[in-house]
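Open the model in a viewer and keep the selection panel at hand. The stops below say what to select and what is there.

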Amino acid sequence: MNIFLINVLLTFIWGFVFLVIVGDKIGKKWFCFIASVQWVLISGLRGMTVAEDMYAYEKKFHEVLKTDWGDIFDNFYFVYVEGEGKDPGYDVFQKIVQLFTQNFQAFLFIVAIIFFFAMGVWIYKNSQMPMMSFIIFDSFLYSFFALTGTRQTLATVLIVFIGDKFIKEKKFWRFLIVSVIAYTIHKSAICYFPFFLISMIPVKKRSIAGVIILSPLLFIFKEPFFEVLGKLVGYEYDELESTGAYLFTIMYLIIVVFAVILLGHIKENCENYNIYYNALFMGLLLIPLIFVNPAAMRAVQYYSLYLMLLVPEIIRSFEKRISGPLYVIMMSALLIATNAFVRTDYSFFWQN
């Protein structure tokens, strides 16, 4: 059973019912809610064999269960002063959840609820085409956030879904607070720290030219680039790999090309275009890292989420006689991609 294809087909159905038939804010709200619930069920009920590190997460969960609160908070000293261990904030989160349940599957379900309802609200408030936003996630972005991520999934809620609000409102100290908390949960959150300032860079021909020039240079010098960033975010590897995410990269480059060509139209109709474009460019500059080690996709993921907001703006920038057919074509392409490239190793926890 291809659970991901079923998920996409159901998303199409809910989109037609709530966005077309019901319409208005009520329809949009119900669509985002139901689409989020579907992903909560898929992610929260996943089996242990879906990701290789699930057993390590479960082992860690039970270790924390046996650890007292004093030792949990002592970890902050050991990690940030002694340099031993990592991500002490994640242990605090686990300990808080264990006040209510000591079941690891229930823990995964709670993480899924936190992430997908936060994502659903984010899409509801920011996306002009929520069904397109969810289908993009369903087709290309789901694997990490829904199946393999746990620590970074929680960090993403804080630094992107909540932090994005503070970026738009230019509330630096609030952004800094959620960023620091996210950093204690997953060290890779440091990759998103600079975005508060980067998001304010005017998107003009000069800045676009700078990105276009810098991007191939980073591909040429990707190994030393990875070594520098790897030390910051804690990546460890034994040897260089060259199995970059080619499909993702090609898709990303196509979006960059359309976004640059249609900048003038999008700028006129999208209040937050500056944030979306700078996130797109940041992701582009980090993509060379995944051709050194696929684990570096963690750094790209924070910025790739903005594709869910930018792509609808690209479609809206066309005239209505073109945007309609283009919307259908993109939906069909994403449906085909979901069926052709979807993971086939999914199982519910009761099937393991």
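The tour starts with the whole chain and then goes from one selection to the next.

**Whole chain**

Show the protein chain as a cartoon, and bear in mind that this is a predicted model. The chain holds 18 helices and zero strands. Of its 352 residues, 53% are buried. Among contacts with a separation of 6 or more, 79% are between residues 24 or more positions apart.

**The nonpolar core**

Select Phe-137, Tyr-192, Phe-195 and Tyr-306, which have the most contacts inside the largest nonpolar core, a set of 113 residues. Which helix gives the largest share of this core? Select residues 130-148: this is helix H7, and twelve residues of the core come from it.

Now centre on Tyr-192. Leaving aside neighbours within four places in sequence, its contacts are Ile-159, Val-160, Ile-167, Phe-175, Tyr-302, Tyr-303 and Tyr-306.

**A buried threonine**

Move to helix H8, residues 151-168, and pick out Thr-153 in it. Is Thr-153 buried or exposed? Thr-153 has a relative accessible area of 2%, and because the cut-off for buried is under 20%, Thr-153 counts as buried.

**Two aromatic pairs**

Next, look at the rings. The count of aromatic pairs comes to 40. One of them is Trp-69 with Phe-73: the ring centres are 5.8 Å apart and the planes are at 25°, so the pair is stacked. Both residues belong to helix H4 (residues 69-82), where they are four residues apart, about one turn of the helix. Trp-69 is partly exposed, with a relative accessible area of 32%. Phe-73 is also partly exposed, at 46%.

Then select Phe-195 and Tyr-306. Their ring centres are 5.9 Å apart and their planes are at 50°, so this pair is tilted. Where do the two residues lie? Phe-195 is in helix H10, while Tyr-306 is in the loop between helix H16 (297-304) and H17, so the pair ties together parts that are 111 residues apart in sequence. Both Phe-195 and Tyr-306 are buried.

**Helices H15 and H17**

Colour residues 273-286 (helix H15) and residues 307-316 (helix H17). Two packed helices are described by the angle between their axes and the distance between the axes. Here the axes come within 10 Å and cross at roughly 115°. The crossing of H15 and H17 is left-handed.

Which residues meet at this crossing? From H15, show Tyr-276, Tyr-277 and Leu-280; from H17, show Leu-307, Leu-309, Leu-310 and Glu-313. By class, this contact has six nonpolar residues, no polar ones and one charged residue.

**A lysine in a loop**

For the last stop, select Lys-187, in the loop between helix H9 (172-185) and helix H10 (195-198). Lys-187 has 31% relative accessibility and so counts as partly exposed.

Definitions and conventions:
Residues numbered from 1 in each chain as written. Predicted model: local features only at pLDDT ≥ 70, side-chain atom pairs only at ≥ 80, totals over all residues. Heavy atoms only, no water. Axes fitted to C-alpha atoms, helices over the stretch in contact; angles between N-to-C directions. Left-handed = near helix turned anticlockwise from the far one by under 90°. Contact = heavy atoms within 4.5 Å. Nonpolar A, V, L, I, M, F, W, Y, C, P; charged D, E, K, R; others polar. Core = buried A, V, L, I, M, F, W, Y, C linked by side-chain atoms within 4.5 Å. Buried < 20%, exposed > 50% of the residue type's maximum accessible area, 1.4 Å probe, protein only. Phe/Tyr/Trp six-rings, centres within 6.5 Å; stacked < 30°, edge-to-face > 60°.
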